[in-house]
Amino acid sequence: MTGSVLLNAPASRTSEDTGIFCARAPQDVAHSHFLALEGMRREAIVEILDEAVRYRTMLRSGQVSDELRGMAVCLAFFEDSTRTRVSFELAAQRLGAMPVTLFPAGSSMSKGETLLDTLTTVVSMHVDLVVVRHKSPGAAAYLARHLDAGVINAGDGAHEHPTQGLLDLLTLREAWRGRFESRRIAIIGDLAHSRVARSAIHGLRALGASVTVAGPRTLMPEGIEALGCTVANTIEDAMRGADGVMALRIQRERTEQSLIPSAGEYARRWGVTAERVALMKPEAVVMHPGPFNRDVEIASDVVDGARSLIWRQVENGAAVRCAVLARCARSRRPERNPWTLDIAEEVAT
Ligand code: NCD
């Protein structure tokens, strides 16, 4: 086994810390930040999922809303992203906000400016919400403490990816017909570096499902059971009788040395193949957060197979991000658009 799960916890901790990764004030849906699924109450999660379903109906019908009209949302992605960044940008636009993208390579950070100074600069231009992805665990929580803006965590190192966790829960809630109790999912692969797995485990445990994890010993953090999951020695043991499987990409960008022998060897021992899918319950589902490497962590025919919910996850991602942006925006600016009056008064005096 590698390292400790604590290694993936945010470095700075506060006196409000309540759990293994909890480095922030306990979260409530009414807050203008959205930082982690750890510590979230079941009711709060369900409320956001229900809201996401309503936004999905809006998205499917091609409608837009003006809920966030007049608000600016900065997308600050310091790590690569397709699904998360595009869906946040689309969600902001569909809700009538003004999304602005900060490209780290083309920003003043390349001239030595700190993360906080760069984002304080952006927020000084009256940006209301900052969606941030960064390689350091705790980056989003740190910014939430220091910026005068709502902060949404779009992935902080190997710590959490809470909107991914929500979209996974929404996808499973529908596949499992609303029932999480007595359901079990297998999460396979690079558990050591996966923020997706951490958020999924916290969310699934909050809703009552059980989680079995399996992967190479070099990619399995010591003490992961503390998150409330069971560790299996083989992928077959993890998947047998499960209600679903989630395959994870190997996060090569987070390790200096190679922790697996070769892609072929990995696929042979840990790949989610059709034969292994057949070990699960007949109606069990297959998920992957993407980006996926066909025929490495997941067989190409499984990606495109009847049990795969991979594209449904992507669709749900856009809906969940609408719900999260709207929640944070409401907390941030409960009364919308009072400025017309203010401007008139200022001109008159
Ligand atoms: C994941 C991420 O970036 O954490 N992808 C995603 O957001 N859909 C998983 C990964 O990169 O493997």
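Guide: Happy to. Helix α2 has twelve residues and reaches 16 Å from its first C-alpha to its last, close to the 16 Å expected at 1.5 Å a residue, the expected span being 1.5 Å times one less than the number of residues. Helices here are DSSP runs of H or I with at least four residues, strands are E runs of at least two, and both are numbered from the N terminus. This is a predicted model, in which local features need pLDDT of at least 70 and side-chain atom pairs count only at pLDDT 80 or more, while totals for chains, interfaces and linings use all residues. Residues are numbered from 1 along each chain as its sequence is written.

The buried residues of α2 are T84, S87, F88, E89, A91, A92 and R94 (buried: 20 or more other C-beta atoms within 10 Å of a residue's own, with C-beta atoms placed from the backbone). Their cover includes helices α1 and α11 along with strands β2, β3, β4 and β5. After α2 comes G96, with a positive phi near 90 degrees.

Now to the ligand. α2 (83-94) and α6 (195-207) each supply at least two residues of its shell, where a residue is near if its C-beta atom, placed from the backbone, lies within 6 Å. The residues around the ligand are R83, T84, G155, H161, Q164, R195, V196, R249, P289 and G290. Domain 1 (17-159 + 318-336) and domain 2 (162-312) both contribute to this shell, so the ligand lies between them; the bounds come from an automatic or database domain assignment.

Notes:
Buried ≥ 20, exposed ≤ 12 C-beta atoms within 10 Å, placed from the backbone. Contact = placed C-beta atoms within 7 Å.
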